[in-house]
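Me: I would like to learn how to read the features of a structure, one at a time. Please give me the general idea before each case.

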Amino acid sequence: MLAEKYAERIEKIFAKYPDKRSAVMPILYIAQEEYGWLPQDAINEVAAICNLDPTQVKSIAGFYTMYRERPKGKFWLHVCTDLACALRGADEFYHQLEEHLGVDHENDTTADGVFTLEHVMCLGACDRAPMMQCNFHFHENLDIDKAKALIAQWRAEVNAALNPPQPEFT
Amino acid sequence: MTNLNIIYREKDIPDIREYNVYIANGGYDALKKAISMKPADVIDEVKKSNLRGRGGAGFPTGVKWSFIPQHEPRKYVVVNADESETGTFKDRQIIENNPHQLIEGAMIAAWAIQATAVYIYIRGEYWDMAHALERRIEEARKGGFVGENVGGSGWNCDMFVHLGAGAYICGEESALLESLEGKLGQPRVRPPFPAQKGGGLYGEPTVVNNVETLANVPWIILNGADEYKKIGTEQSSGTKVFCVSGHIVKPGNYELPFGVTMRELLYDHAGGIPGGKQIKAILPSGGSGPIIPATDEFLDTKLSYEDMAKIGTILGSASIIVMDETVDITWVASKITKFFKHESCGKCTPCREGTYWLDKVIDRIMAGEGKPSDVDLIANIAKNMQGVTLCALGDFAANPIIHTIKHFPDDFKQHVSGSNGNGAKAAAPARRAAPVLAGG
């Protein structure tokens with residue numbers, strides 16, 4: 001499925017490298033974009049595209065933290081709680097977010113499946129802590145109120161998609 | 001002198017990221033000049049400039065380039081934009097605000113070694129920056145400075161961005177090359193070194209340079225090695241970007257000549273310590289370098305490779321994390337240990353196992369359940385991790401333990417004193433257990 005649907009992008013990726021194997025990481029990102037995470041079927045497809053064994057692809061997906069090996073929330077929130085951010089209150093910020101979302105590290109995804117909260121190591125935004133990355137985009141110089149506003153906005157986006165406004169009859 | 005912006009030219013020209021603005025301000029003139037020179041002369045000029053690798057090791061850049069065998073048909077330049085050290089955010093600012101200078105510097109390096117392609121390995125978390133950088137490369141390609149017949153020289157060299165996916169270890173050059181080849185990011189056995197046949201990308205001779213290093217190169221080619229050497233100290237030429245974070249009034253990147261003192265950096269430039277508090281300790285090179293107590297001697301030490309070595313630490317990538325008097329250094333050791341435990345690639349046993357043991361015992365100490373002998377135990381584990389791994393991560397993980405205990409023994413003692421198992425519980429700061437990390 002990936003091979004046909006994303007043929008053009010995959011071709012462009014292959015053109016960058018002398019060896020097809022180098023394309024495995026970029027194509028895993030495409031698979032994750034399509035499926036939301038990397039189920040075994042996706043691993044098998046990527047393996048076939050790159051002429052690799054599925055076990056090799058699975059090991060890549062397991063080694064790198066940005067590949068999702070299980071389903072996650074629609075919005076994947078990564079809060080840096082590493083030393084430099086923690087010195088500027090990132091641990092407290094993280095715990096406030098946990099409380100606000102009603103998640104913890106055992107159950108890191110909200111009941112409605114919209115948000116997953118995880119903490120991560122240094123994201124290179126130490127001077128703008130606390131910060132978080134949501135689906136690969138940075139949000140910096142946060143406090144809990146700013147984060148709550150972002151979360152409300154994202155939740156509204158999901159609700160709008162689920163319940164599109166009905167056209168008005170006049 | 002302090003206003004010389006070689007790297008962060010956006011401070012003088014805010015829109016320097018735009019291709020036309022970059023061109024209007026002498027952009028790609030250095031590349032044009034370089035391709036009018038013999039590749040060997042470009043290497044000599046960079047050698048003469050005493051430019052040293054800004055990724056942390058400080059290795060002379062021109063010397064690195066000169067290791068590349070001339071007659072191999074395929075050669076690569078790989079730009080290390082995997083910036084992942086705790087407290088480091090300098091390369092990101094170059095990629096965001098002055099991307100064409102990085103592209104130009106990388107193309108000059110490529111000309112110097114007659115490379116066939118350039119790969120920029122950028123950490124996956126810099127997703128937006130990586131995609132923006134691809135568009136900047138496309139502008140340079142359209143301008144004739146990347147790709148076929150570069151600058152009308154007949155030389156072909158394309159440039160590609162490769163996104164990582166969240167692994168600190170990929171900043172280590174041989175692990176980076178493995179990752180770029182589509183494998184697990186684990187360090188290689190050396191020799192052969194990347195510059196040698198069999199040791200580089202796809203087995204071809206390869207130069208791996210840091211973003212900041214390459215961003216210096218256009219200035220050196222345009223203004224000459226002699227001018228460059230006038231900036232900085234005798235053994236550390238040019239400017240350096242200092243990333244200042246932690247307990248500081250104005251955290252951020254400061255580009256200053258080598259030789260500025262820590263005190264000048266922190267108090268004159270970065271605004272001093274919030275609340276008028278005293279500094280307790282500084283990590284001058286992120287999580288991986290030795291921690292140093294903020295003595296007057298240290299604060300008055302010049303920031304250069306040679307001066308930092310004299311006082312028993314390293315300049316590294318100059319990721320300066322400042323901790324005020326309220327910080328419990330045992331907690332710092334715990335934080336850094338968790339980082340390395342998460343980031344150890346698992347290839348070498350001392351690092352893979354050692355980081356877990358350290359973390360487990362420090363957790364026990366932090367929970368007030370440690371014994372006085374636990375401090376000796378972690379010091380011993382750390383010592384046995386030094387110098388016995390394929391890459392420096394094992395040593396990096398040992399550093400925070402060894403140097404925190406050496407310089408701040410009382411911080412550890414307060415958690416374990418008089419303890420027969422749980423006697424020190426009252427002294428332990430109440431902190432919640434750290435949650436499981438993403439992918440951990």
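Reply: Start with salt bridges: a salt bridge is a side-chain nitrogen of Lys or Arg within 4 Å of a carboxyl oxygen of Asp or Glu. By this rule, a search of the whole structure finds 40 salt bridges over all chains. This is a predicted model, in which local features need pLDDT of at least 70 and side-chain atom pairs count only at pLDDT 80 or more, while totals for chains, interfaces and linings use all residues. Side-chain values use heavy atoms, with hydrogens and water left out; residues are numbered from 1 along each chain as its sequence is written, and chains are lettered from A and ligands numbered from 1 in the order in which they are written.

Me: Which side chain meets B:Lys64 in a salt bridge?

Reply: That of B:Glu173, at 3.6 Å from N to O. The pair links distant parts of the chain, 109 residues apart: B:Lys64 is in helix α4 (residues 61-66) of chain B and B:Glu173 in helix α8 of chain B. Helices (H or I, at least four residues) and strands (E, at least two) are DSSP runs, numbered from the N terminus.

Me: How many helices and strands are there in chain A?

Reply: Chain A has eight helices and four strands. From the N terminus on, its elements run α-α-α-α-α-β-α-α-β-β-β-α. The C-alpha atoms of chain A fill a box of roughly 60 × 50 × 30 Å, taken along the principal axes.

Me: In what order do the four strands of the open sheet in chain A stand?

Reply: Strands of a sheet pair through backbone hydrogen bonds, either parallel or antiparallel. Two strands count as paired if DSSP finds at least two bridges between them. In chain A the order is β2-β1-β3-β4, with mixed pairing. The edge strands of chain A are β2 (115-120) and β4 (137-139), each pairing on one side only. From one strand to the next the twist averages 25°; axes are lines fitted to C-alpha atoms, for helices over the stretch in contact, and angles run from 0 to 180 degrees between N-to-C directions. Strand β3 (residues 132-134) of chain A runs antiparallel to β4(A), joined by three bridges, and A:Cys134 stands opposite A:His137 in β4(A).

Me: Which helix lies across β1, β2, β3 and β4 of chain A?

Reply: Helix α8 (residues 144-162) of chain A does, running at about 165° to β1(A) (75-80). Contact here means heavy atoms within 4.5 Å.

Me: Why is one side of β6 and of β8 of chain B left without a neighbour in the sheet?

Reply: First the sheet: five strands of chain B form an open one in the order β6-β5-β9-β7-β8, with mixed pairing. β6 (252-257) and β8 (292-293) of chain B stand at its edges, each with a single partner strand, so one side of each has no neighbour in the sheet. Six bridges join β5(B) to β6(B), and the two run antiparallel. B:Thr239 stands opposite B:Pro257 in β6(B).

Me: What area is buried between chain B and chain A?

Reply: The size of an interface is often given as the accessible area lost when the parts come together. The figure is the accessible area (1.4 Å probe) that two parts lose on being put together, summed over both. Between chain B and chain A it is about 4600 Å², of which carbon and sulfur atoms give 62%. The contact takes 66 residues from chain B and 47 residues from chain A.

Me: How many salt bridges does the rule find across the interface of chain B and chain A?

Reply: Three. The side chains of A:Glu140 and B:Arg92 meet in a salt bridge at 2.8 Å, N to O. On the side of chain B that touches chain A, α14(B) gives the largest share, eight residues.

Me: Where is the cis peptide bond that involves A:Pro130?

Reply: Most residues other than glycine have a negative phi, and most peptide bonds are trans. A cis bond joins A:Ala129 and A:Pro130, with omega about -10°; A:Pro130 is in the loop between β2 and β3 of chain A. The peptide bond from B:Arg190 to B:Pro191 is cis as well, with omega near 0°. As for phi, that of A:Asn51 is near 55°, a positive value in a residue other than glycine. A:Asn51 lies in the loop between α4 (40-50) and α5 (54-63) of chain A.
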